[in-house]
Amino acid sequence: MNKVILMGRLTRDPELRHIPSGAAVASFGLAVDKYSREENTRTADFFDIVCWEKRAEFASKWLRKGTKVCLSGRLQQRQWKDKEGNNRSSVEIVVEEIEFAESKSAREGGDYPAPSAPAQNYPKPAAEPSSFQELHDDDGELPF
């Protein structure tokens with residue numbers, strides 16, 4: 001199984017390119033917070049992210065440095081030879097799904113630029129009736 005799920009902020013604007021076949025590919029960095037309780041410190045891990053086709057176009061159009069996203073995908077190792085003929089490799093995350101991880105107002109109120117175009121208007125899902133019901137005979141005991 002090869003599945004990665006991350007939530008973090010873009011470290012740079014997505015860079016959109018087209019390969020010789022015409023397929024769109026976008027790449028950007030993602031900073032993911034991590035917290036150490038033992039040391040009471042916050043640090044971040046940094047990942048290289050790659051999007052293809054429609055996801056690449058979406059990223060290029062709507063995402064900017066600082067945008068908080070949640071994404072899922074798979075790890076991929078690439079190998080190539082550099083200009084001097086040395087073997088090189090990198091590990092990156094190939095995106096399968098990507099979503100905004102904060103509201104539009106939070107994005108616009110932050111210290112980073114908001115997307116330059118308004119978000120697309122997707123139909124809202126139908127409201128589901130609440131299945132929550134108040135328990136009146138609570139004896140304080142857990143049911144398991």
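Leu-30 stands opposite Phe-47 of strand E4. The model is predicted, so that local features require pLDDT of at least 70 and side-chain atom pairs count only at pLDDT 80 or more, whereas totals for chains, interfaces and linings use all residues. Residues are numbered from 1 along each chain as its sequence is written, and side-chain values use heavy atoms, with hydrogens and water left out.

Strands (E, at least two residues) are DSSP runs numbered from the N terminus, and two strands are taken to pair if DSSP finds at least two bridges between them. E3 (residues 24–36) is largely enclosed by the rest of the structure, because 10 of its 13 residues are buried; buried denotes under 20% relative accessible area, with a 1.4 Å probe and protein chains only.

E3 pairs with E4 (residues 41–52) in the antiparallel sense over 12 bridges. The two strands form a hairpin with 4 residues between them, and Asn-40 in the turn has a positive phi of about 50 degrees. Strand E2 (residues 15–18) is also antiparallel to E3, over 4 bridges, and Arg-17 has Val-25 of E3 as its bridge partner. In the hairpin of E2 and E3, 5 residues lie between the strands, and Gly-22 in the turn has a positive phi of about 100 degrees. Strand E1 (residues 4–10) runs antiparallel to E3 and is joined to it by 2 bridges; Arg-9 stands opposite Ala-31 in E3.

Ser-90 belongs to strand E6 (residues 87–100) and is buried, with a relative accessible area of 17%. Beyond residues up to four places away in sequence, Ser-90 touches Gln-76, Gln-77, Arg-78 and Trp-80, where contact means heavy atoms within 4.5 Å.

Methods: Buried < 20%, exposed > 50% of the residue type's maximum accessible area, 1.4 Å probe, protein only.
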